[in-house]
Amino acid sequence: MKKRVTGIGGIFFKSSDPKKTKDWYRDHLGLNTDQYGCTFWWKDKQGNDCSTQWSPFKSDTTYFEPSKKEFMMNFRVENLIELIDTLKKEGVTVIDKIEEYEYGKFGWIVDPEGNKIELWEPVDKAFL
């Protein structure tokens, strides 16, 4: 099997006022925020362009469900479909849904602590 996780794809967390939070991070820490948060661009060891997303969500979001936690991690992965199949065989709780967009494929699992984890097979060139 190929690599599983290749990096952190994003940090997502609940906020009582996402706009105010984004503005604070922009004004005080210099994050280049937009309606989604801030995208950090970087290069991997092979020199490929990659990104990591930082995003505050409204405190009443249902996007993190079934987790009741205030945050969700997003990990970059190489072959989402193969990884999801492997994780199922290993007994990992998998949310049986795959979504595909021009910027990549997404799948979700739940860790033993009840944290929903988003797995992202990116198409980084879609952002360039």
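Colleague: How do strand 5 and strand 6 run, parallel or antiparallel?

Modeller: Bear in mind that this is a predicted model. In it, strand 5 (residues 93-101) and strand 6 run antiparallel, and six bridges join them. Glu100, for example, stands opposite Lys105 in strand 6.

Colleague: And what joins strand 5 to strand 6?

Modeller: A hairpin, which gets from strand 5 to strand 6 through two residues.

Colleague: Okay. How many bridges are there between strand 6 and strand 7?

Modeller: Seven bridges, again in the antiparallel sense, with strand 7 covering residues 116-122. One of the pairings is Val110 with Lys116, the latter being in strand 7.

Colleague: How many residues lie between the strands in that hairpin of strand 6 and strand 7?

Modeller: Five residues lie between them, and Gly114 in this hairpin has a positive phi, near 85°.

Colleague: Is strand 6 mostly covered or mostly open?

Modeller: Mostly covered. Strand 6 spans residues 104-110, and six of its seven residues are buried.

Colleague: Let's switch to the inside. Which residues make up the largest nonpolar core?

Modeller: There are nine in all: Val77, Leu80, Leu83, Ile84, Leu87, Val94, Ile109, Ile117 and Leu119. Helix 2 (80-89) and strand 7 are the elements that give two or more residues to this core. The largest share, four residues, comes from helix 2.

Colleague: Take Leu87 from that set. What does Leu87 touch?

Modeller: Leaving out residues up to four places away in sequence, Leu87 touches Arg4, Val92, Val94, Ile109 and Leu119. Another core lies apart from the largest one; this other core has six residues, including Phe12, Met72, Phe106 and Trp108.

Colleague: Back to helix 2, then. Which of its residues are buried?

Modeller: In helix 2, Leu80, Leu83, Ile84, Thr86 and Leu87 are buried.

Colleague: Why do you say they line one face of the helix?

Modeller: Looking down the axis of helix 2, its buried residues fall within an arc of 165°, so they line one face.

Colleague: And what covers those buried residues of helix 2?

Modeller: The cover includes strand 4 (71-77), strand 5, strand 6 and strand 7.

Colleague: Last one: what follows helix 2?

Modeller: Gly91 follows helix 2, and its phi is positive, near 85°.

Colleague: Great, thanks for the tour!

Methods. Residues numbered from 1 in each chain as written. Predicted model: local features only at pLDDT ≥ 70, side-chain atom pairs only at ≥ 80, totals over all residues. Heavy atoms only, no water. Buried < 20%, exposed > 50% of the residue type's maximum accessible area, 1.4 Å probe, protein only. Pairing = 2+ DSSP bridges. Core = buried A, V, L, I, M, F, W, Y, C linked by side-chain atoms within 4.5 Å. Contact = heavy atoms within 4.5 Å. Arc of directions from axis to C-beta.
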